[in-house]
Amino acid sequence: MSALRPSGSRFHRRLLREEPGFSLASRLWRVNWLYVLLICALAGVGYVALCSAGGGSARPYAGPQAMRFGFGLILMVTVGMLPLRLLMRLAFPTYLASLGLLVAVLRMGHVGKGAERWIIVGGVQIQPSEFAKVALVLMLATWFSRISYARMGNPLRLIIPAVMTLLPVGLVLKEPNLGTAVIIGGIGAALFFAAGMRLWQIVLLCLPVPALLKIAYAHLHDYQRARITTFLHPESDPLGAGYNIIQSKIALGSGGMWGKGYLQGTQGQLNFLPEKQTDFIFTTIAEEWGFVGGIVVMGLLLLLILGGMAMAIRSRNRFGRLLALGISVNFFLYCLVNLSMVMGAIPVGGVPLPLVSYGGSSMLTVMLGFGFLMSSWVNRDVRSGESADNGEASEP
Amino acid sequence: MKFSGRKIFGRSGGRHRGRQGKRQNRDQELRDRGRGVFTRRALLLMAAQTATLGLLGRKLYDLQITSGEHFAKLATRNQISKRLLAPPRGRIIDRFGKALASNQTNWRALLLPEETTDVPGTIERFAAIVPLEDHDRTRIAREMRHQRKFVPVMLREFLSWNEMARIELNAPGLPGVLIDVGTTRTYPEGPLTAHIVGYVAPPNEQDVARSALLALPGMRMGRSGIEQSQDDLLRGEAGAVEMEVNSVGRVLAELDRVDGTPGREITLSLDAGLQQAVQNRIGDTAASAVVMDCRNGEVLAMVSTPSFDPSLFDSGVSKAQWIAWTNDERTPLINKAVAGVYPPGSTFKPAVAMAALQNKMISPADCFVCRGYIDVGGARFHCWARHGHGSVNLHLGLKYSCDVYFYEVARRIGMDRIAATSHELGLGTKLDIELPHTRAGLIPTPEWRQKHNHHWNGGDTIVSGIGQGFVQVTPLQLATYTSRIATGRAIGPHLVRAINGKLTPESDPEHWPVLDMPEQAFKAIREGMFAVVNEAHGTAPKARLPIPGIEMAGKTGSAQVRRVSRALRESGHFNSARLPWEYRPHALFICFAPYDAPRYAVSVVIEHGNAGAEFAAPLARNIMTDALLRDPANRRTPPGQTVADAL
């Protein structure tokens, strides 16, 4: 209990009013168990799909992934029990740690599929860019909760959070991992937007974008332009960069309305489908369960996203609102990039389908994020302190 | 600024009124404004998220439902691999069932790269047991680069028992090396039938582009002879096997198998025994002989010497061997029987006689006086007999082979009639035999000469009358022509007697139409040819058959390849036998037997053999004797309904 007792500096006490001293039991009661059930349902779909990717066996994918999920579940509920003030205090150190890991991966990362994405910490492969997303959400939510809506009108106040966003984006781009960089950028943008960035600021920011894109394209090398062409027309290079996209579309499309049946997906089972257990797990599902199965999975994802957003709206404090929204947007962007990728709508970009794809880093960071979301929900009735939303409140 | 937030928490926390309360209301207002903006914007984001996922759902619908069938097809193409099965090539056998071309199992050593950890090391150890040539090594390296690791690479073929035993003994040191059986084409008769049967060689890229079947390993294409002309029949139709493969092409299961049609077995009219006998008679000289069944045009023997070893082509001909063949003046690679053209010389005279009789320009009884020469248009043309033959009619003209008689006949009837009749008799025209690279030869006409911008002289007709000048025919044409004279039917020469045991219609004599020429004319010419061999003072007494009761009719020919100058002729010392080999006249002889019931026609051409009567006639007699004696039963049996009947 003592660990859960409201704590934190004077500063954080001012940002959030005293949190209710719930008992552990009442906190557990306040957890959104329906949401947890949804998460378990999606993870169950993932388990079944990973069994298929393993040729009908829990080895080598489904079993380890189930263990990770179990661990993630505990992590989520535990984090969900934490008071918001503690999360706010942890935000900056977490953010710094995530930056450090990103730098470390560039320095001594393991090359995986042409990009440096992994580092090994204590014998465990971790993907710092996954961690960076959640850390950024926490950091920005904390930062914006210090700036009241009224003060958001001052563009100077946006400089620091902008730098906070661009630092991990730049580091991830260098790996290079375009997909994750876009997601991190998207999380930042969504939080700026939700925190109350003025419309004129948004318009002003967006104005030079087309011109910048044009200049950037003019400065591309021929081979880079060729790569863009391949992305747009994968059939022009069927065995090279376009191979994954084509094979994924073939596997998806051949599923039809009802699919080929569990374990009957020829393209996945015969390995025509690349990375069927990680990035292309949705293709395996849609090949074997058809359009119906694909839509059910997408429906589950949408429920989780909208549920998270609804929880954000429900929160009575600015920090919790922003935290929940950031996590939901993160989850949404994950799904968006992955699904667009496997359907051939955007270039392949090393982004897994959260909770479903095989992979520890993604699973654990997603569950950590849901822990933040849950914490925001458990503490949904805590009100913002005067410094948070009060334009005149002084800062230390 | 102090704030007693402790008292205000929870959902329904109480509120202070008063001084502080007023301020709190303002705080609350601001907070609510921020929260309102947040809520609106969050709802906006939710709408956007729902819409985006909706669009993706729409995209999924497009992929799976709208273009589902298209992708299902692509998926099947990914998954199912169709492979062709090579059909065994059909055998070629002679009329009695003796194999002339067949398939022999060929033991080869293969290496499965995925089963050995050290590919170069294994190859080296293999080479220590069974030597590998340099071209083997380059081929192995090339195949290794282009093939997947589970596709075996051929190390060596044509392994002997000895080599196989050594490989098996060393098997533990050779992981991934397996012994496998393939087939190669063999020609048991070797050079004897090489010109007729031909040979096979691996297909080139153009062939492969035409037919996918040819791309299969081990497929061969006929490159010469029957192997080439009957290639489609011999090759058969490919079978196919449908297999389920994974993304790297490894076969997982066989789904469907359609067996192909093996190549047809082709029975040739050839008699390998007779062929060998003819070859033995000819020996080493550059010559060609054709033995034909004159009733239906079946070729029983067709020898062209020297020959070559056809099996060399399957494994690749060495450069030295090739140069030796192409530089040999006796042209071993050319089938002289169909592609060698020679002036027919006096063997042409029966055709000229037929032209005259057919057109009723002369009668067999008409006589011309031979003084040893004739003057036409200011030029003098000599008879081979310096002092002439005196008064000569058709019978004597043929019997003595009197040149002046045929000069006179040719002068009277003209070249066009000679050419027309010659073509009808099968001379100077392309014959429809199942061999590639046949030549048509030539019966010259004024029109042909004009086409080449030359004027036709009267003298050209005169020399053509004795088969000299521009006249060129092949030995096969001579045999065909002899058969047509002997039977009066327009028989066509052919080699294919049966396909898969079923006789071709050509083997029936009634298949061939009767020639539109007077029977009297045939009789007169046959009698003349009989006299050549059998009467006193005929030109070919040496051609009399040693078989009692069977007589042969024939005609000699000695064809000059160089004009004999007047000075040389008048010096009286002219002897063609002293000329260098390539300037000596060709020796020719045509004949058919038995005279009263013609069965065989034989033509013989000895390149630069000097004199037909002296050299070609005895050879032809010997060949005819062989043909008649070899299998007496063969003579009595008319061409029957099956191959076995012919025995």
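**Close-ups of chain B in a predicted model**

**View 1. Helix 20 meets helix 21 in chain B at an angle of about 115°.** In this predicted model, helix 20 of chain B covers residues 475-487, and its axis lies 9 Å from that of helix 21 of chain B. So who's touching whom? Helix 20 of chain B brings B:Arg484, B:Ile485, B:Ala486 and B:Thr487 to the contact, while helix 21 of chain B answers with B:Phe522, B:Ile525, B:Arg526 and B:Met529. Sorted by class, that makes five nonpolar residues, two charged ones and one polar one.

**View 2. Here's an open sheet of five strands in chain B.** Reading across, the strand order is 12-11-21-20-19, and the pairing is antiparallel. Strand 12 (299-304) and strand 19 (553-559) of chain B sit at the edges, each with pairing on one side only. From one strand to the next, the twist averages 5°.

**View 3. Zooming in, strand 11 pairs with strand 12 in chain B.** Strand 11 takes in residues 287-293 of chain B, and five bridges link it to strand 12 of chain B in the antiparallel sense. Look for B:Met292: its bridge partner in strand 12 of chain B is B:Val299.

**View 4. Two helices of chain B go with these strands: helix 10 and helix 21.** Helix 10 of chain B (residues 272-282) lies across strands 11 and 12 of chain B, running at about 35° to strand 12 of chain B. Helix 21 of chain B, residues 519-534, packs on the sheet and touches strand 19 and strand 20 (586-593) of chain B. The direction of helix 21 of chain B makes about 75° with that of strand 19 of chain B.

Terms used:
Residues numbered from 1 in each chain as written. Chains lettered and ligands numbered in written order. Predicted model: local features only at pLDDT ≥ 70, side-chain atom pairs only at ≥ 80, totals over all residues. Heavy atoms only, no water. Pairing = 2+ DSSP bridges. Helix = DSSP H or I, 4+ residues; strand = E, 2+ residues; numbered from the N terminus. Axes fitted to C-alpha atoms, helices over the stretch in contact; angles between N-to-C directions. Contact = heavy atoms within 4.5 Å. Nonpolar A, V, L, I, M, F, W, Y, C, P; charged D, E, K, R; others polar.
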